[in-house]
Each structure stands twice: as structure tokens, then as C-alpha cells.
Amino acid sequence: MPRVDVDLKLDFKDVLLRPKRSSLKSRSEVDLTRTFTFRNSKQTYTGIPIIVANMDTVGTFEMAMVMAKHSMFTAIHKHYSLEEWKLFAANHPECLEHVAASSGSGKADFNKLTSILEAIPPIRYICLDVANGYSEHFVEFVKSVRAKFPHHTIMAGNVVTGEMVEELILSGADIIKVGIGPGSVCTTRIKTGVGYPQLSAVIECADSAHGLKGHIISDGGCSCPGDVAKAFGAGADFVMLGGMFAGHDQCAGEIMEKNGKKVKLFYGMSSDTAMKKHAGGVAEYRASEGRTVEVPYRGDVELTILDILGGLRSTCTYVGAAKLKELSRRTTFIRVTQQHSQVFS
């Protein structure tokens, strides 16, 4: 018999943060940096815990150069060659503490990851990324990467439930990527019917991770700075963004003209576009689980970064959090039927 969980699960659009009395005079007083020591690697991180997703349109070296200036993080996509990595490391050594090298769970991916990490010792972060973090194969893969790299910090996912967060942490991962289906160019929920509303997933997975002294990344579902604030308020240690960083100069791809407007391509890593580019096409046993979209060209990513950080600082002033660390403790979510007036949207 199928089981129905009747507890209400919420997405970012279903809530707003309730304002609270504050002693802060200005958003400029808010400290957005966090310091974490990771359970398994024992490494310490300090920075603003916003991560560019490891998608080949946005997780670029060019993006990492700008993000590092703001002490923000980039999960570099897995399709750069070892030679390209070496060139980046030689020319931009200051960025290496703010990037992760990404890998899938295949043998070729693992061999390439190993060659990159052995050639460039300052890279301390690994992003192990698969669509379905529930497979036994992935758990075993995480264990093998932990055995090979005992002192590297491992991000692993994606999952959406507390018990799988716990299993991956106990298997050697430090930071668990939470999110199945919420991304703007992800069609997993349409193609498979599988998913979990992102706000509830973050609340539940953060609770499980923090009980084991692990950490989580809220990955996907943010469409504006307010959503980033809600993810942190829900207990996320890091927030990963793809679509919000799409369309910029630092993204891969050419600027195109469409109906007199400038656009750039943005696509999911399980889309036809990505699989044709990197795997020769969509295998006959699977369906594409990503879409390809033309996003408006948005210029330099610097302005978008400042917009996100400004919004997050403002959130903290509304709820009386002097530091990002305090935001989840100061958060009360209220359920709503409408986010904002859509008269002019």
C-alpha cells in the first residue's frame, strides 16, 4: 500500500519572515561571514557562505575570480581539463581557498578529480554531485573518496530527507547538498514526480545534519535575494545558486540577439543541451531532466552579488540579527497565500 505523509511541506513562496525589534542602526553593521569547522575533514572555513552551482554555464573560473573577492564560494563544474585547472591555479592562487573541484560518481570522473587534487594541493574542497543521492553506489563512492582524501572537505548530494543526510555524513561527507527538483532549469518533478518542497527539506535536513555536527547546502529554488534569506533562516549553512547567477559576463556561452534583446543560454546539467555537449546525447534508457532557457544578458555579476548581499543584510536588520549566524535563531516564518503584489510584475 502506498503511504501518504499528510504533514504540510512548504516552499520559499509559502512563507515570509516576521520582523522583530532590533538594536541595529544600519544594514552596514551586519556581519555576513561565517566560520565553520567541518566534522570529517577537520578543516576550517571562513567566508560568506553563498556558492555558485557547479553547472557549466555558471560554475566557471571567471565567476570564481569575482566571487573570491567577496569571500564567496564557487563549485567549479567538472568539465574543465587538468591543464585548464593548472593554468587557473597558477594565475589565480588567491581563489583556490574559495573553490571546490566537482565530480560525478563514475570511474573516469574520480580519476580526473584525483589528478586535479594531486596536481593542485591548495584545493581543499570536493563537490560530489549526482542527481540521486539515495543510491547505495553513491554512499560507497563517498566512502571511497573520504578514504582517498582524508583531509579534504567533501560536499555531497543531492538528497532531501534527514535519514539520508545522516547516512552521507557518517559515510564521510562534511556538507550535504539538499534539493531535488527545485532548480529553475530542473524538470525532475515533471519527468519523475519525485521531489520535496525546498523550505521544509532545508528545515528537516539542517536539523539532522547539525545533530551530527555536519552542515548542509540549500541547493536550488531561490529566485530572489529574499529566498536566499529564507534558506539561511530555515537553517542552511550554505546556499547554492544557479539561475540567479546566470546570464552574466562571467558565465560560459556567447551573448546572442533575440528579438532585439541580448540573451545567454542557461541549462540544467541533465538537459538535452548538456548531455549532447558532454556525453554525445541523451542515452536511450533515460529522459532529459533539465530544460534549456534563454536568460536576459545581465552584464557583470558584481551588481548581482551586491544585490544579494544587500538584501541579506537588510533581512538581518528586520529580524534583529547582527550576524548571519544569528539569522536562523531570530527567524519566525509566517505562512502566506501571496508573496508580493503582482500588479506590475
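Trainee: In this predicted model, what is the strand order of the open sheet of three strands, and is the pairing parallel or antiparallel?
Mentor: The open sheet has the order 12-13-14, and its pairing is antiparallel. Its edges are strand 12 (256-258) and strand 14 (292-296), each of which pairs on one side only. On average, neighbouring strands of this sheet are turned by 55° against each other, direction ignored.

Trainee: How many bridges pair strand 13 with strand 14?
Mentor: Five bridges pair strand 13 (residues 261-267) with strand 14 in the antiparallel sense. As one example, valine 263 has proline 296 in strand 14 as its bridge partner.

Trainee: And the barrel, which strands does it run through?
Mentor: The barrel is closed and has eight strands, running 4-5-6-7-8-9-10-11 with parallel pairing. From one strand to the next, the twist averages 25°. Serine 103 has leucine 128 in strand 7 as its bridge partner.

Trainee: Which strands does helix 1 touch?
Mentor: Helix 1 (residues 61-69) packs on the sheet and touches strand 4 (50-52), strand 5 (73-76) and strand 6. The direction of helix 1 makes about 165° with that of strand 5.

Trainee: What about helix 8, where does it lie?
Mentor: Helix 8 (residues 225-233) lies across strand 4, strand 10 (215-219) and strand 11 (238-241), and runs at about 145° to strand 11.

Trainee: Changing topic: what volume does the second largest pocket have?
Mentor: Its volume is about 260 Å³. The pocket is lined by 14 residues, and the closest to its centre are Arg34, Phe36, His210, Asp237 and Ser328.

Trainee: How does that lining divide?
Mentor: The lining of the second largest pocket has five nonpolar, five polar and four charged residues.

Technical notes:
Residues numbered from 1 in each chain as written. Predicted model: local features only at pLDDT ≥ 70, side-chain atom pairs only at ≥ 80, totals over all residues. Heavy atoms only, no water. 1 Å grid on protein atoms, 1.4 Å probe; cavity = no way out; pocket = protein on both sides within 12 Å on 5 of 7 lines; lining within 4 Å. Points joined across faces, edges and corners; volume = space filled by probe spheres on them. Nonpolar A, V, L, I, M, F, W, Y, C, P; charged D, E, K, R; others polar. Pairing = 2+ DSSP bridges. Helix = DSSP H or I, 4+ residues; strand = E, 2+ residues; numbered from the N terminus. Axes fitted to C-alpha atoms, helices over the stretch in contact; angles between N-to-C directions. Contact = heavy atoms within 4.5 Å.
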